[in-house]
Amino acid sequence: MALAKLSDLLEDAQKNRYSVGMFVMFNLEMLHGLISAAKETNSPIIIAYGEMAEEQTSIRHFSKTVLSMIEEAKVPIGLHWDHASSLEVAQLAVDSGFTSVMIDASAHPINKNIEITRSVVDLCKPLGITVEGELGCVGQGADYDPDDYHYTNPDEAKFFVEQTQIDALAVAIGNSHGVYPCKPKINFDVLEQIRSNVDVPLVLHGASGIPKEDIKKSIECGITKINIFTDICLEAMERIKKTVQKDKVSLEMIEEDVIQGVKAKTIEKIMLFGSNDRSK
Ligand SMILES: [Zn+2]
C-alpha cells in the first residue's frame with residue numbers, strides 16, 4: 001500500500017471527519033521532507049505538483065523518482081496535479097502517472113468552467129483518476145480583501161457538481177493563496193450551505209496562514225482536503241536564513257534545512273488536520 005487514489009483517501013476522511021493534507025513540492029528535498037513526515041505520523045498525505053515547476057523539473061522524468069519513492073513509503077500517498085489550466089496539462093498529469101488532477105477553470109464564467117472541467121472528467125474518470133474542480137475565486141493573497149470577495153455560490157455549486165461529475169470541489173469561502181495581507185475571514189455560513197447542497201468532498205485551498213481554530217471548524221463543517229504550500233516554504237526559508245549566517249555554509253546544509261523544515265511543518269499540519277494514525 002503506497003500510491004493511493006485521491007477519492008479513496010477523501011472517502012475515509014469524509015466518513016471519519018478528518019482532513020487529508022495536500023502539500024506542494026517541486027524538488028527532491030521537499031519530497032523527502034513530506035514522505036518522512038507521513039511515515040513518522042502514520043498518515044495519508046497528498047503530494048502535489050503544478051505547472052509553475054514544470055520548466056525546472058520536467059515532470060515526465062521527475063515523476064518516475066516521485067512514484068518510486070511513494071511506492072516504498074508504506075503509507076497511502078496520492079500524487080496530485082494542482083491547478084491544471086487546460087485539458088492538455090491534465091493529459092500531461094495522466095501520462096506522468098498522477099492519481100488525481102485539479103482542473104482550475106474558475107476564472108471563466110460558469111458554463112465555460114463546466115465545459116472545460118467536464119472535458120477533464122471525461123479524460124480521467126475511465127482511467128480511475130480523481131478530478132477536483134473549482135467554483136468561485138480563491139485568488140491570490142496579495143489582492144485579498146474580505147469585503148470584496150467572490151464566494152462560491154452554494155446553489156451554483158450543486159449545479160456545477162451535477163453537470164461536471166467531479167469527485168471533489170474546491171470552494172472559495174474567504175480563503176486565498178499565498179501570504180494573507182490581513183487576517184483571513186472564513187465564512188462558515190457559505191461553507192455549511194455548500195456542504196448541505198453537495199455530497200462530494202470539499203477542498204480548502206490557501207490554508208497556510210488560516211488560524212488553527214478556523215481550520216478545525218472548517219473540518220467540522222465538512223472540509224476533507226486542505227492545501228498547504230506557503231507555510232512549508234516559509235519554514236524552510238527561516239532555517240536557511242539562520243544557516244547562511246554561519247561561518248561555514250555548504251549546499252548540503254541548505255538541502256538539509258529544506259528537508260527538515262518541510263518535514264517539521266508537515267507534521268504540525270498532519271496533527272492539526274487529524275490524519276495521523278489513519279494509515280491502513
Ligand atoms: Zn490552490
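Two residues are taken to be in contact if their C-beta atoms, placed from the backbone, lie within 7 Å. The model is predicted, and local features therefore need pLDDT of at least 70, side-chain atom pairs count only at pLDDT 80 or more, and totals for chains, interfaces and linings use all residues. Residues are numbered from 1 along each chain as its sequence is written. Helices (H or I, at least four residues) and strands (E, at least two) are DSSP runs, numbered from the N terminus.

In helix α10 (residues 230-243), I232, E235 and A236 are buried (20 or more other C-beta atoms within 10 Å of the residue's own, C-beta atoms being placed from the backbone). Seen down the axis of α10, these buried residues fall within an arc of 95 degrees, so they line one face of the helix; the arc is that of the directions from the helix axis to the C-beta atoms. The buried residues of α10 pack against β1 (20-24), β8 (223-228) and α11 (251-273).

The buried residues of helix α6 include N113, I116, V120 and C124. They pack against α5 (87-95), β4 (100-103), β5 (130-135) and α7 (154-164).

The largest nonpolar core has 74 residues, and those with the most contacts inside it are F23, L34, I47, V101, I103, L169 and V171. Helix α2 (residues 28-41) supplies the largest share of this core, six residues. Such a core is a set of buried Ala, Val, Leu, Ile, Met, Phe, Trp, Tyr and Cys residues joined through C-beta atoms within 7 Å. Residues up to four places away in sequence not counted, I103 touches A84, A90, I116, T117, V120, V131 and G133.

Definitions and conventions. Buried ≥ 20, exposed ≤ 12 C-beta atoms within 10 Å, placed from the backbone.
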